[in-house]
Amino acid sequence: MADDSIAVVDLERCQPDRCSYECKNYCPPNRTGKECITLRGEDADEGGPDQVHISEEICLGETCGICVEKCPFDAIEIINLPQELEDEPVHRYGENAFSLYGLPVPLEGQVTGILGPNGIGKTTAVKILAGELAPNLGQHADPPGWDAVLDAYRGTELQDYLADVRDGEVSVARKPQYVDKIPDRFGGPTAELLEQTDERGVLDDLLERLDIEHVVDQDIDSLSGGELQRVALVACLARDVDFYFIDEITPYLDISQRVKAARLIQEMAEEHGKSMLVVEHDLAILDLVADNLHVAYGEPGAYGVITSPKSVRNGINEYLKGYLQNENMRIRPNAIEFEEHAPREVTRADTLVEYPDISKSYGEGEFGLEVEGGKIRENEVLGIVGPNGIGKSTFAQLLAGRLEPDEGEADFDLDIAYKPQYIEIDQPMRTDSFLRSITDRVGSSYWNTEIAQPLQLDRIMEQQLTDLSGGERQRVAIAACLSESADLYLLDEPSAYLDVEQRVRATNAIRRFAEQQDATVMVIDHDIYMIDLLADRLMVFDGEPAVHGRASAPKGMREGMNDFLANLDITFRRDENVGRPRINKPGSQLDREQKKEGEYYYAP
């Protein structure tokens, strides 16, 4: 195989007990007597003895690809690396395993952002920067050691940092990606967890800044997703360390909470001189929080490349365009575009359902919701926005018939498909079996093209539901909702744990589904990018979170977003280059001008 090609075997997908070794038997070099594809054997460092190994020296590379086609479980990839990729790997886990090229540079007193798809090596990079993994420079069979690593990085911005890592002089705090797993690892009062981390004596201030003083006396397993997210961030920032790694701050947080978290992270860097590394898929928040940006690209699970640092604006814009200018690299065939928003034309503008004023209370002194009567149209995507704890999910459950209103008629005689905010998939069954239990269209041309492909389900169809990651579960839940036969489709926070590419794919799948199936879809989400690309009209929720909520009748995008953002005291502008939403800095000239004109959502 050429030096610019690699062979990857996904050991989680390789199932020798369920195949006839088609890859080995049909391999052209094997058929000429060479040992290209062989069994790993009992002495294998990784994988089972009956799983296959591919010799990259003998393999013919992507020009052959027979093993890729013959493997019934899609466990093999033969990949031509980009010709522009001149550097050796920073780390490779073994032959036929993932390779990482490039490392982010943590700068003192700055917030360094990383933007890229899941499975691209961000966690590997953090383990190296944290001293948990010694980079092997791609020499997995005979690791060179730290002296060779430092020699390879001599004269670069990483030389001094990696020397401190080698000498054990770098301390690290992490905020995990999947905060909903925290109750599985820690039980008891939230205060006990937080007191263990308060090394800087700032716990009370952090709790107040993020509005979660009220959770201290609650058990950790009683907290909502948004509360868990903020508790995890507080627990990380309260540590007294050199390097903070923040893996996604936005899931389950509303826009106001996201902005507060971003400002807090920025202050940690500016005022305390800390090195902050933030992985984030909400581009508006990443734009707000980061001082510089590394773009990550490649083939998830196979190889990843982390670019040199870029300015945040240029990095995000190049990522959206799909072309990295300095690297002369196209990472996506088509750009992600944000056109001036206008409701799309619908083939039918009839009313699907007209509902009266509705109210729901959970009891005296408990949360109450009032909904202004309105109409939901056929064949539209209706966005629902508002702070957490304001009643959005309550309204969805009222429509779905899972809750009964105290006042108003909510019996709409509608078949409703509902994807909840919190996905609890604990059924011991395969993904394909689960989806086939919902629809007999699984495997059909339409279902494969319009649901499976955009949601990237192909590689997880044979996996157990309980083995799926948070992002994989999210995509399965979206597919399950859209696969039902219904009059109205409700999706609560479909963006959670999806990377940028996956969010765009999910958005396109939902839009195309609404258009092609004449379906009506309601989407609750806090990602302005997704709402901007997806929704035709908005319902805006406001009030006092956890106390009282009010919901407006559906409005046009501009009117609705102006009302929503005015409640949050946040203004958005469009990037003049790619048209994407950007948050104005509070108090800036543009922020003041837009507020004066009452145009919080893009000045016309």
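**Entry 1. Gln 502 and Asn 118**

I looked up Gln 502 and found its side chain joined to that of Asn 118 by a polar contact of 3.4 Å. I take a polar contact as a pair of N or O atoms within 3.5 Å; within protein, one must be able to donate a hydrogen and the other to accept it, and residues adjacent in sequence count only if both atoms are side-chain atoms. I note that this is a predicted model, in which local features need pLDDT of at least 70 and side-chain atom pairs count only at pLDDT 80 or more, while totals for chains, interfaces and linings use all residues. Residues are numbered from 1 along each chain as its sequence is written, and side-chain values use heavy atoms, with hydrogens and water left out.

I placed Gln 502 in helix H18 (residues 500-516). Helices (H or I, at least four residues) and strands (E, at least two) are DSSP runs, numbered from the N terminus. Gln 502 has a relative accessible area of 9% and is therefore buried. For this term I use under 20% relative accessible area as buried, over 50% as exposed, and in between as partly exposed (1.4 Å probe, protein chains only). Not counting residues up to four places away in sequence, Gln 502 touches Asn 118, Gln 456, Arg 475 and Tyr 497; contact means heavy atoms within 4.5 Å.

**Entry 2. Tyr 497**

Tyr 497 counts as buried because its relative accessibility is 3%. Its side chain reaches the backbone nitrogen of Val 179 at 3.5 Å. With residues up to four places away in sequence not counted, I listed the residues that Tyr 497 touches, among them Asn 118, Tyr 178, Glu 248, Gly 470 and Gln 502. I also noted that Tyr 497 and Gln 474 are 23 residues apart in sequence and 7.3 Å apart in space, C-alpha to C-alpha.

**Entry 3. Thr 571**

I found Thr 571 in the loop between helix H20 (557-568) and strand E26 (572-574). Its relative accessible area is 0%, so Thr 571 is buried. The side chain of Thr 571 makes a polar contact with the side chain of Asn 584 at 2.8 Å and another with the side chain of Asp 591 at 2.6 Å. Leaving aside neighbours within four places in sequence, I recorded contacts of Thr 571 with residues including Arg 582, Gln 594, Lys 595 and Tyr 600.

I located Cys 67 in helix H3, and its relative accessible area of 8% makes it buried. Cys 67 touches Cys 23, Ile 37, Ile 76 and Ile 78, residues up to four places away in sequence not being counted. The C-alpha atoms of Cys 67 and Glu 22 are separated by 7.3 Å, although the two are 45 residues apart along the chain.

I then examined H14 (residues 392-399), which is mostly covered, six of its eight residues being buried. These are Lys 392, Thr 394, Phe 395, Ala 396, Leu 398 and Leu 399. Just after H14, Gly 401 takes a positive phi of about 80°.

I noted Asp 74, whose phi is near 50°, a positive value in a residue other than glycine. Asp 74 lies in the loop between helix H3 (66-70) and strand E4 (76-80) and is partly exposed, with a relative accessible area of 35%. Asn 379 has a positive phi near 55° and is found in the loop between strand E18 (374-377) and strand E19 (381-385). Asn 379 is buried, at a relative accessible area of 2%.

**Entry 4. Nonpolar cores**

I looked up the largest nonpolar core and found 92 residues, with Leu 237, Ile 265 and Phe 564 having the most contacts inside it. Such a core is a set of buried Ala, Val, Leu, Ile, Met, Phe, Trp, Tyr and Cys residues joined through side-chain atoms within 4.5 Å. A second, separate core of 34 residues includes Val 442, Leu 457, Leu 468 and Phe 513.
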